[in-house]
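What follows is a walk through one protein model, taken a site at a time. Keep the sequence and the coordinates open while reading.

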Amino acid sequence: MGFSVKIKEDAMVASGRHCCLCHKFCGIKIEIHHIKPRAEGGPDTLQNAIPLCFDCHADMRTYDAKHPKGTKYTEGELTRFRDDWFQKVRGSAGVQLGNAVAETDKLIYEKLLATLPWEGSLSFISTNNFAGFSFNTDSLNQLYAFEYLCSTPTFEFIDSDLEGAKANLLNQIRNFSRLIGYNTFPTNNSGFNHVPPEWERENPQHFDNVVNDIHNSASAVCNIYKDLTRMATRKLGIVAGLS
Ligand SMILES: [Zn+2]
């Protein structure tokens, strides 16, 4: 069996097609997970359904109770995450400038801009050539500061669209940090890293792939950031860079 078309529709509308755990907007890359597993008698009802992105859903499936690594989500936790997110989507339908919701989100957005303004790490990665050139690792510090800020539970937009855009940004910045972490190494010049130039001689194909991945991820980060700032201008009336 599985969830009926009606329940799938209800779940998609209620979640706004965002993942209920990481809040990322998923579009069609979304799946519905049984909070209580079907193997344990969990029913195909909306009450037992939680929309998840592919990554979060994969985490649910790979958790092995016999060899536990990490801490499993309980059914109660999943239900709470789901209910909180559905509530946020419902509440966001009528967000208007000047009400208490928008005032709270303005504070969150100002904190985001102070931590991660365009001028700085973002403008750096939008133009830097990572092929064969070393870079000052401090140039990326604002990205790491944003990742750290996102681990604060109160750093969460009330508006579901803004929260989804923030989650997408975090996701792509994590991807960028991972690429930098795996593929760049300290040079003789202290504080500077590079993609090792010997890779270009020894395995040019791999070198090109690595550099392309870094450049593509950097431009994805910058595009998502611009989407977020445009949305915030529209919803909150705050224009980034003009405060
Ligand atoms: Zn997710």
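**A49 and its surroundings**

Apart from neighbours within four places in sequence, A49 touches F3, I32, H33, I35 and R82. The model is a predicted one, and these contacts are computed from its atoms. A49 lies in strand 2, which covers residues 49–53. Its relative accessible area is 0%; because buried means under 20%, A49 counts as buried.

**Helix 3 against helix 7**

Two helices can be taken next. Helix 3 (residues 75–92) packs with helix 7 (residues 160–183) at an angle of about 125°, and the two axes are 8 Å apart. Helix 3 and helix 7 are therefore described as oblique to each other, because an angle has to be over 145 degrees to count as roughly antiparallel, and roughly perpendicular stops at 115. On the helix 3 side the contact is formed by W85, K88, V89 and S92. Helix 7 contributes S160, E163 and G164. Sorted by type, the residues in this contact of helix 3 with helix 7 are 2 nonpolar, 3 polar and 2 charged.

**T187 in a loop**

T187 sits in the loop that runs between strand 4 (185–186) and strand 5 (192–194). Is T187 buried or exposed? Its relative accessible area is 18%, so T187 is buried, the limit being under 20%. The side chain of T187 reaches the backbone oxygen of N189 at 3.0 Å. Leaving out neighbours within four places in sequence, T187 is also in contact with S134, F192, N193 and H194.

**The cysteines**

How many disulfides does a search of the whole structure find? The number is 0. C20 is buried, with a relative accessible area of 0%. C22, in contrast, has a relative accessibility of 30% and counts as partly exposed, because that class lies between the 20% limit for buried and the 50% limit for exposed.

Note on methods. Residues are numbered from 1 along each chain as its sequence is written. This is a predicted model: local features need pLDDT of at least 70, side-chain atom pairs count only at pLDDT 80 or more; totals for chains, interfaces and linings use all residues. Side-chain values use heavy atoms; hydrogens and water are left out. Helices (H or I, at least four residues) and strands (E, at least two) are DSSP runs, numbered from the N terminus. Buried means under 20% relative accessible area, exposed over 50%, partly exposed in between (1.4 Å probe, protein chains only). A polar contact is a pair of N or O atoms within 3.5 Å; within protein, one must be able to donate a hydrogen and the other to accept it, and residues adjacent in sequence count only if both atoms are side-chain atoms. Contact means heavy atoms within 4.5 Å. A disulfide is a pair of cysteine sulfur atoms within 2.5 Å. Axes are lines fitted to C-alpha atoms, for helices over the stretch in contact, and angles run from 0 to 180 degrees between N-to-C directions. Angles under 35 degrees count as roughly parallel, over 145 as roughly antiparallel, 65 to 115 as roughly perpendicular and the rest as oblique. Ala, Val, Leu, Ile, Met, Phe, Trp, Tyr, Cys and Pro count as nonpolar, Asp, Glu, Lys and Arg as charged, and the others, Gly among them, as polar.
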